[in-house]
Amino acid sequence: MDKAKVLVVDDERDLNETLVKRLKRRGYETQSAFDGLEALAVLAGEPFDVIVLDVKMPGMDGIETLREIKKRHPRIEVLLLTGHASVESGVQGMSMGANDYLIKPVEIEDLLKAINQAYERKRLATENA
Amino acid sequence: MPQKTPESASPSRALALAACALALGAPLLSGWAGMAAGAGAAGCVLYGRWKWAKLVRQGKAQRDALRDRLLQSQKLAAIGEVAAGIAHEINNPLAVITQETEWMEHLLAPPLPMSEQTYSAVRQGLKDVQAQVNRCADITHSLLSLARNWTPILQPVDLNTLAEDMAKLVELEARQRNVTLDRRYAPDLPEALLDPPLMRQAILNLLVNALHAVEGGGVISMATAPGPEGGCILRVADTGPGIPEQNISRIFDPFFTTKAPGKGTGLGLAITHRIIDRLGGTITAESPPGKGAVFTISLPPTPAKEPQP
């Protein structure tokens, strides 16, 4: 099975870059964006399958970014990732069409499972369309 | 009707009785009456039958009309409630937007150029307007997801993991509010075929609903169990005040809410109901007296590919 193309959106540079490195090592084509606006700019230029999106970011936060992503690219699957779970953002995010809401720290195996499941869903949705 | 059976009837009496009895729908009598009354009576018998059939037809038509009218008025009442809900939810943001735009108009009145202070106040105003517009967009988005006949995308998943993801999300806030989130996951749960993000949303809505119910402390218990014929069951119970009997049939209606204004749109349970329905499952609400509320989701072993709308 081929692998998802992943965009990691997180303002914490170290976390972001480490995650991208780990995903690349496992054979996922992966790229970083360090805020919401950058993520939207990257997505405007090339397609991605799955986005790992931090909820708490300065400026445009994860929920706002999710809203914009879903407006412009409804088929992209978004996994919300957060260090501080908030029920309100969870409800908002899930009702806006996020695929999952994961709490940091997340085991890489669990994250990979979530990415693969989200990617599979995107492929099924495209097939059904 | 049998009490009208005569012991020894004169033809005329029999005739009258026969007509009467037939009109009242006693078919047993018709043979006897026909014989006793002779040919003259037969016409009357036929007339009686015709008359009876006509009455039945009229009765049925009347009943149907009444039923239609009742359905129509129930439908109108339901639409009215939904409309009131939408109006209420949209009116608040509209009021804020009106205020903000008036304020910005005031700020932007000459003379120009504006001060830096005014500039940042206007920017803040625009941001506030945007937030209110988003709030409205979220409501219409939720309404559309209720109205649309979307097809779920089914994937094999472990319901326990899925439920635990949402439990983790709610856990911290539950603890802060002195609420225990008790989980009992059946180890022998069969794999479920469902739409993972939608199911997560459904579970999260139930947990949030329970969290609001046990305000001030209590216990929320979430449990999974194998269902009949290879299906799965997920149950969320709370130790809150429960649901009053008169509300239990309306608990899944859109915009039906007992929460204070601004606390939840009253769409959460309606959306949950819709999701479970689209997944081919069922959801029920119970409230045993003095024991809080219990929501039970029952998922079929292999959800129908195209559940009926």
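Helix 2 and helix 3 of chain A run roughly parallel to each other, a label used for angles under 35 degrees, with over 145 counting as roughly antiparallel, 65 to 115 as roughly perpendicular and the rest as oblique. That's our way into this predicted model, where local features need pLDDT of at least 70 and side-chain atom pairs count only at pLDDT 80 or more, while totals for chains, interfaces and linings use all residues. Residues are numbered from 1 along each chain as its sequence is written, and chains are lettered from A, with ligands numbered from 1, in the order in which they are written.

**The helix pair**

Let's stay with those two helices. The axes of helix 2 (residues 36-45) and helix 3 (residues 62-72) of chain A come within 9 Å and cross at roughly 20°. Here, axes are lines fitted to C-alpha atoms, for helices over the stretch in contact, and angles run from 0 to 180 degrees between N-to-C directions. Helices (H or I, at least four residues) and strands (E, at least two) are DSSP runs, numbered from the N terminus. On the helix 2 side of chain A, the contact is made by G36(A), A39(A), L40(A) and L43(A), and helix 3 of chain A answers with E64(A), T65(A), E68(A) and I69(A). Being in contact means that the C-beta atoms of two residues, placed from the backbone, lie within 7 Å.

**Chain A as a whole**

Zooming out, chain A has 5 helices and 5 strands, and along the sequence they follow the pattern β-α-β-α-β-α-β-α-β-α. Its C-alpha atoms fill a box of roughly 35 × 30 × 30 Å along the principal axes. The radius of gyration of chain A is 13 Å, which agrees with the value near 14 Å that a compact globule of 129 residues would have; it is taken over C-alpha atoms, and the globule rule is 2.2 Å times the number of residues to the power 0.38.

How much of chain A is buried? Buried residues make up 40% of its 129 residues. A residue is buried if 20 or more other C-beta atoms lie within 10 Å of its own, exposed if 12 or fewer, and partly exposed in between, with C-beta atoms placed from the backbone. As for contacts in chain A with a separation of 6 or more, 60% of them come from residues 24 or more positions apart.

**The core and the two chains**

The largest nonpolar core has 78 residues, and those with the most contacts inside it are V50(A), I51(A), L79(A) and L207(B). Helix 5 (residues 196-213) of chain B brings the largest share of this core, 11 residues. A nonpolar core is a set of buried Ala, Val, Leu, Ile, Met, Phe, Trp, Tyr and Cys residues joined through C-beta atoms within 7 Å. Leaving out residues up to four places away in sequence, L79(A) touches residues including V50(A), I51(A), N99(A) and A118(A).

Where do the chains meet? The contact takes 18 residues from chain A and 18 residues from chain B. On the side of chain A that touches chain B, helix 4 (87-95), strand 5 (100-103) and helix 5 (108-128) each give two or more residues. Helix 5 of chain A gives the most, with 6 residues.

Helix 4 of chain A is worth a look too. Its buried residues are S89(A), G90(A), V91(A), G93(A) and M94(A). They pack against helix 3, strand 4 (77-82) and strand 5 of chain A, together with helix 4 and helix 5 of chain B. After helix 4 of chain A comes G97(A), with a positive phi near 105°.

Most residues other than glycine have a negative phi, and most peptide bonds are trans. Here are some exceptions.

| Site | Feature | Value |
|---|---|---|
| K104(A) to P105(A) | cis peptide bond | omega near -5° |
| P110(B) and P111(B) | cis peptide bond | omega about 10° |
| N178(B) | positive phi | near 65° |
| E229(B) | positive phi | about 55° |

P105(A) is in the one between strand 5 and helix 5 of chain A, and P111(B) is in the one between helix 2 (27-107) and helix 3 (116-147) of chain B. N178(B) sits between helix 4 (159-176) and strand 2 (179-184) of chain B, and E229(B) between strand 4 (218-226) and strand 5 (232-238) of chain B. Is N178(B) buried or exposed? N178(B) is exposed, with 11 other C-beta atoms within 10 Å, and E229(B) counts as exposed with 9.
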